[in-house]
Amino acid sequence: MNKELILWISIIIAIIYLAILYMKGIKKKKMILNTIIAVIFVLLVNLIKIPLLSNANNEEKDEEVTTTITTKTTTTATTTTLLVTENPTTTKKITTTTKAKTTKITTTTVESTEAPDYTGTTSKGYKIETKNGITYIDGYLIANKTYSLPKSYNPGSLTSTTKSAASEMFDAFIAEKGVKMWAQSGFRSYDTQKSIYERYVNRDGQKAADRYSARPGHSEHQSGLAFDVCVTGYACISSGFNDTMPAQWLSENAHKYGFILRYPKGKEEITGYKHESWHFRYVGKELAEKLYNDGNWITMEEYFGIDSKYQ
Ligand SMILES: [Zn+2]
């Protein structure tokens, strides 16, 4: 029963009561007294019963919502149950609440969904395969704005191959130039990338941040195959490193150790990122030699015939 129904029933009862008394030809003084009694009756019924009823409704409401969360019952199913037990006004309210909760669940599910399946062939005829949410093109792991890594993909550090190739390269540089070179930033988990990216978006806005920082799941750092280099006495992970002696050395020698200059100058439209003279990606000597292209670096995107664009 709803509030309005109780109100009308109590008023009708009061009117019938007074009508009976009137028809019986009751005295005017007694009639006034009975009218007051009838009004008090109506007030009491509505003041006492209604709060009790609304409490009962609220409890039921909470139960229904809880059920929706735990069992992920569809909104339609919940609405049907409520229509049987509740009046139309209350049902409407409850349905809205349930729908809101259901939407929340759906959103969470979408966020935790693994990387989509990109299986197919590139525009240059290379095979695209997705294994456990990780995309490989011609056997090479790919992470850019188009191809993402699943949130769960977490090698924990640079891969052992990447580490040993990097230390070989750093040793060669140190031996030749007498200055220390190291990987300042290597592996980054999905969550670390998420907080880094969000910090840049808050600072510079999303459009600017997207030119130099990857969205979570789209960073090559999550692969454990890429790192950012720093050299003693030089700007570290910033455009001040571009065109310096160590940047030139890396551009000329990285391929010999299996690394590629992942974001070459003038390729922002292709890679989706500004030139980064400090970011290197392990691909192995064979592919690195091809992408080095006698000093005129070509990108993975150009070589394989793929895009790097957010959907
Ligand atoms: Zn980097």
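This dialogue explains how to read several features of a predicted protein model.

User: How many helices and strands are there in the protein?

Analyst: The predicted model contains eleven helices and eight strands. Of its 311 residues, 26% count as buried. Among contacts with a separation of 6 or more, 65% join residues 24 or more positions apart.

User: What is the mean pLDDT of the protein, and over which residues is the pLDDT below 50?

Analyst: Where pLDDT is low, the predicted coordinates should not be read in detail. Here the mean pLDDT is 81, and 77% of the residues reach 70 or more. The pLDDT falls below 50 over residues 51-113, a stretch that has 36 contacts in the model beyond near neighbours in sequence.

User: In which order do the four strands of the open sheet stand?

Analyst: Strands of a sheet pair through backbone hydrogen bonds, either parallel or antiparallel. In this open sheet the order is S1-S2-S3-S4, and the pairing is antiparallel. Strand S1 (120-121) and strand S4 (140-141) are at the edges; each has a single partner strand, so one side of each lacks a neighbour in the sheet.

User: How many bridges join S1 to strand S2, and which residues stand opposite each other?

Analyst: Two bridges join S1 to strand S2 (residues 127-131). Gly120 stands opposite Ile128, and Thr121 stands opposite Lys127. These two strands form a hairpin with five residues between them, and Gly125 in the turn has a positive phi of about 85°.

User: How many residues lie between the strands in the hairpin of S2 and S3?

Analyst: Two residues lie between those strands, and Asn132 takes a positive phi near 50°. S2 and S3 pair in the antiparallel sense over four bridges, and Lys131 has Ile134 in S3 as its bridge partner.

User: Where is Asp138 found, and which residues is it in contact with?

Analyst: Asp138 belongs to the loop between strand S3 (134-137) and S4. Asp138 has 15 other C-beta atoms within 10 Å, so this residue is partly exposed. Beyond its neighbours within four places in sequence, Asp138 is in contact with Tyr126, Lys127 and Phe304. The C-alpha atoms of Asp138 and Thr122 are separated by 9.6 Å, although these residues are 16 residues apart along the chain.

User: Which residues of helix H8 are buried, and which are exposed on the face turned away from them?

Analyst: An α-helix has 3.6 residues a turn, so residues three or four places apart point the same way. In helix H8 (residues 245-253), the buried residues are Pro246, Ala247 and Leu250. They cover an arc of only 105° around the axis, and therefore lie on the same side of H8. The face turned away from that buried side carries the exposed residues Met245, Gln248 and Glu252.

User: What covers the buried residues of H8?

Analyst: The covering elements include strand S5 (181-185), strand S6 (226-231) and strand S8 (276-282). S6 pairs with S5 in the antiparallel sense over four bridges, and with S8, also in the antiparallel sense, over three bridges. Asp228 of S6 is the bridge partner of Ser185, and in S8 the bridge partner of Asp228 is His279.

User: Why is S6 described as largely enclosed by the rest of the structure?

Analyst: In a regular strand the side chains alternate between the two faces of the sheet. In S6, five of the six residues are buried, so the strand is largely enclosed by the rest of the structure.

User: Which residues of the largest nonpolar core touch the most other members?

Analyst: The largest nonpolar core has 40 residues, and those touching the most other members are Met169, Phe227, Val229, Ala254, Phe259, Ile260 and Phe280. Two or more residues each come from helix H5 (160-177), S5, S6, H8, strand S7 (259-263), S8, helix H10 (285-292) and helix H11 (300-304). The largest share, five residues, comes from S6.

User: Which residues is Phe259 in contact with?

Analyst: Leaving aside neighbours within four places in sequence, Phe259 is in contact with Ala165, Met169, Ala254, Phe280, Arg281, Tyr282 and Ala288. Of these, Met169, Ala254 and Phe280 are also among the core residues that touch the most other members.

Note on methods:
Residues are numbered from 1 along each chain as its sequence is written. This is a predicted model: local features need pLDDT of at least 70, side-chain atom pairs count only at pLDDT 80 or more; totals for chains, interfaces and linings use all residues. A residue is buried if 20 or more other C-beta atoms lie within 10 Å of its own, exposed if 12 or fewer, and partly exposed in between; C-beta atoms are placed from the backbone. The arc is that of the directions from the helix axis to the C-beta atoms. Two residues are in contact if their C-beta atoms, placed from the backbone, lie within 7 Å. Two strands pair if DSSP finds at least two bridges between them. A nonpolar core is a set of buried Ala, Val, Leu, Ile, Met, Phe, Trp, Tyr and Cys residues joined through C-beta atoms within 7 Å. pLDDT is the predictor's confidence in each residue, from 0 to 100.
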